[in-house]
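Dear colleague,

I am passing on the structure we spoke about, and below it you will find my notes on what was found. Please read them with the structure open beside you.

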Amino acid sequence: MNDQAFPPQQQEPPGLTDEMQPRPDHGEDSYEGHGRLEGKRALITGGDSGIGRAVALAFAREGADVAFTFMTEEKDDAQATIELITAAGRKSVAIEADLRERDACDTVVLETVEGLGGLDILVNNAGFQMARDDGIEAIDDERLDRVFKTNLYALFWVTRAAVSHLRESGGCIINNASIQAYEPSTTLLDYAATKAAINNATVNFAAELGPDGIRVNAVAPGPIWTPLQPATQPVEKLEQFGSDTPLGRAGQPAEVAPAFVFLASERDASYVSGTVLGVTGGKPVF
């Protein structure tokens, strides 16, 4: 895994994988499946790049068919994810959608069920942040809507639409939280607030849906090298990105995906629910 400083670079949100230096590792050459998710059907929001792509690749190599969402600007990244899923011999359903729209969230679930024949695993991964150095007065309503609707509203909307299908399959939900829920940065005030809310929602969903046989957990990544970083962080901060972790570096998407596989696996995590699993390079999640 790359442990060197990142060269100066910047993109427009949401960012694209091929323009990153160095290119993130999604496990293309390293992840080996062991049949943990054989025959399962998964939906991953924001599965075109970053952690979402790494999870899609890992799920496919573990035997799952995978549907994922992407934004219009992310078509190139989405195509690369499709190719990774199909190369693993699994079915891919790529759904272009803006999850800030409630109706789009309902449609995504319906298209997943139609395309895959059902739903066993929901991964609420889509997220947005925008770092800032000014005060709260600079957070306008448009930005607040983008962060909260992408990170939090969409999670509730997609989960609400998916629950009836997950009850049928005895499926599971995995939410993507963040170290920001525990160590919030003032430059990411709004983003950190949504991630803390996701932790709370995860525990509450687990309590409500447990009697239906649905396990609900979350993964809390630390600083991970994804397109969101050069697209939303100041250039001068990238060189030291991740250096404040005990391991002294940022993580790669491929290092996060196995946590999602573990939580999705009935073989390995059948009695795990209401848990937030940290993949943070040593930063504490408590």
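Leaving out residues up to four places away in sequence, Phe59 touches Leu37, Ala42, Ile44, Ala64, Val66, Ile121, Val123, Phe260, Val261 and Ala264, where contact means heavy atoms within 4.5 Å. The model is a predicted one, in which local features need pLDDT of at least 70 and side-chain atom pairs count only at pLDDT 80 or more, while totals for chains, interfaces and linings use all residues. Residues are numbered from 1 along each chain as its sequence is written, and side-chain values use heavy atoms, with hydrogens and water left out.

Phe59 is also one of the residues with the most contacts inside the largest nonpolar core, together with Ile44, Ile121, Val219 and Phe260, and this core has 35 residues. A nonpolar core is here a set of buried Ala, Val, Leu, Ile, Met, Phe, Trp, Tyr and Cys residues joined through side-chain atoms within 4.5 Å; buried means under 20% relative accessible area, exposed over 50%, and partly exposed in between, with a 1.4 Å probe and protein chains only. At least two residues of this core come from each of β1 (41-44), α1 (50-61), β2 (65-70), α2 (75-87), β4 (121-124), β5 (172-176) and α8 (253-264), and the largest share, eight residues, is supplied by α1. Helices (H or I, at least four residues) and strands (E, at least two) are DSSP runs, numbered from the N terminus. A second, separate core of 34 residues includes Leu43, Val158, Ala161 and Ala218.

The volume of the largest cavity is about 70 Å³, a volume being the space filled by probe spheres set on the points, which are joined across faces, edges and corners. Its lining, meaning residues with an atom within 4 Å of a point, consists of 13 residues, of which Asn124, Ala126, Thr150, Asn151 and Leu155 lie nearest the centre. Two or more lining residues are given by α4 (141-169) and by α5 (189-209), and the largest share, five residues, comes from α4.

The whole structure has 18 salt bridges, each a side-chain nitrogen of Lys or Arg within 4 Å of a carboxyl oxygen of Asp or Glu. Arg36 and Glu62 form one of them (2.9 Å, N to O); Arg36 lies in the segment before β1 and Glu62 in the loop between α1 and β2, so the pair ties together parts that are 26 residues apart in sequence. Arg36 is partly exposed at 29% relative accessible area, whereas Glu62 is buried at 0%.

Lys283 and Glu183 make a salt bridge whose closest N and O atoms are 3.0 Å apart, and this pair links distant parts of the chain, 100 residues apart, with Lys283 in the segment after β7 (276-279) and Glu183 in the loop between β5 and α5. Lys283 is buried, with a relative accessible area of 13%, and Glu183 is partly exposed, at 33%. Asp106 and Arg102, by contrast, are both in helix α3 (residues 102-116), four residues apart, about one turn of the helix, and the closest N and O atoms of their salt bridge are 3.1 Å apart.

With best wishes

Methods: 1 Å grid on protein atoms, 1.4 Å probe; cavity = no way out; pocket = protein on both sides within 12 Å on 5 of 7 lines; lining within 4 Å.
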